[in-house]
Amino acid sequence: MALEQYIQRIDDKLHLLLKKLQQVQAENVLLKEQLQEQEETLAARDETIAALENKLHLAKMAVATQGTPSNREDDEEFRKEMRNKINDYIKEIDRCIALLNS
């Protein structure tokens, strides 16, 4: 009789363990779905931030090209940035010309 009770306890514990496993697996699936949603939300926000930064940069360029007075420090920073970009473009053009000539 003791052996049957021992086997029954093991069987009960096994069923309890399987039930807990199913609960954990279901929770895992739910957490993975939530993670995916959060990653998609984050990616959308990153795209929005990039678009807004681009618009801000374009607005700064428009203000600078119109000669409208702006913050002196921002204006100097913008000029340096533009000068660096123009120099980078010139270097790239020179490199392309060198490749074409060779």
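**Note on a two-helix chain**

1. Residue E40 belongs to helix α1, which covers residues 2-66. In this note, helices (H or I, at least four residues) and strands (E, at least two) are DSSP runs numbered from the N terminus. The chain as a whole has two helices and zero strands.

2. The model is a predicted one, in which local features need pLDDT of at least 70 and side-chain atom pairs count only at pLDDT 80 or more, while totals for chains, interfaces and linings use all residues. Residues are numbered from 1 along each chain as its sequence is written, and side-chain values use heavy atoms, with hydrogens and water left out.

3. Along the principal axes, the C-alpha atoms fill a box of roughly 95 × 45 × 20 Å.

4. Burial is the next topic. Of the 102 residues, 3% count as buried, a term that means under 20% relative accessible area, with exposed meaning over 50% and partly exposed in between (1.4 Å probe, protein chains only). H57, in helix α1, counts as buried because its relative accessibility is 19%. The C-alpha atoms of H57 and F78 are separated by 9.2 Å, although these residues are 21 apart along the chain.

5. The chain exposes about 9,600 Å², of which carbon and sulfur atoms supply 58%. Accessible areas come from the Shrake-Rupley method with a 1.4 Å probe; for residues, only the protein chains shown count as cover.

6. Which residues form the negative surface patch? They are E33, E37, E39 and E40. Patches are made of residues with over 30% relative accessible area and no salt bridge, like charges being joined within 9 Å and nonpolar side chains (Val, Leu, Ile, Met, Phe, Trp, Tyr) within 5 Å. E40 itself is partly exposed, at 48% relative accessible area. A nonpolar surface patch of about 430 Å² is made by L3, Y6, I7 and I10, and I7 has its place in helix α1.

7. Two salt bridges are present in the structure; each requires a side-chain nitrogen of Lys or Arg within 4 Å of a carboxyl oxygen of Asp or Glu. Side chains of opposite charge can pair when their charged atoms come close. E81 is partly exposed at 30% relative accessibility, and K85 is partly exposed at 34% relative accessible area.

8. R95 forms a salt bridge with E92, with the closest N and O atoms 2.7 Å apart. Both R95 and E92 lie in helix α2, three residues apart, or about one turn of the helix. R95 is partly exposed, with a relative accessible area of 44%, and E92 is also partly exposed, at 38% relative accessibility.

9. M82 and I49 are 33 residues apart in sequence, and their C-alpha atoms are 21 Å apart in space.

Key. Lys and Arg count as positive and Asp and Glu as negative; His and the chain ends are not counted. The place of a charge is taken as NZ of Lys, CZ of Arg, CG of Asp or CD of Glu.
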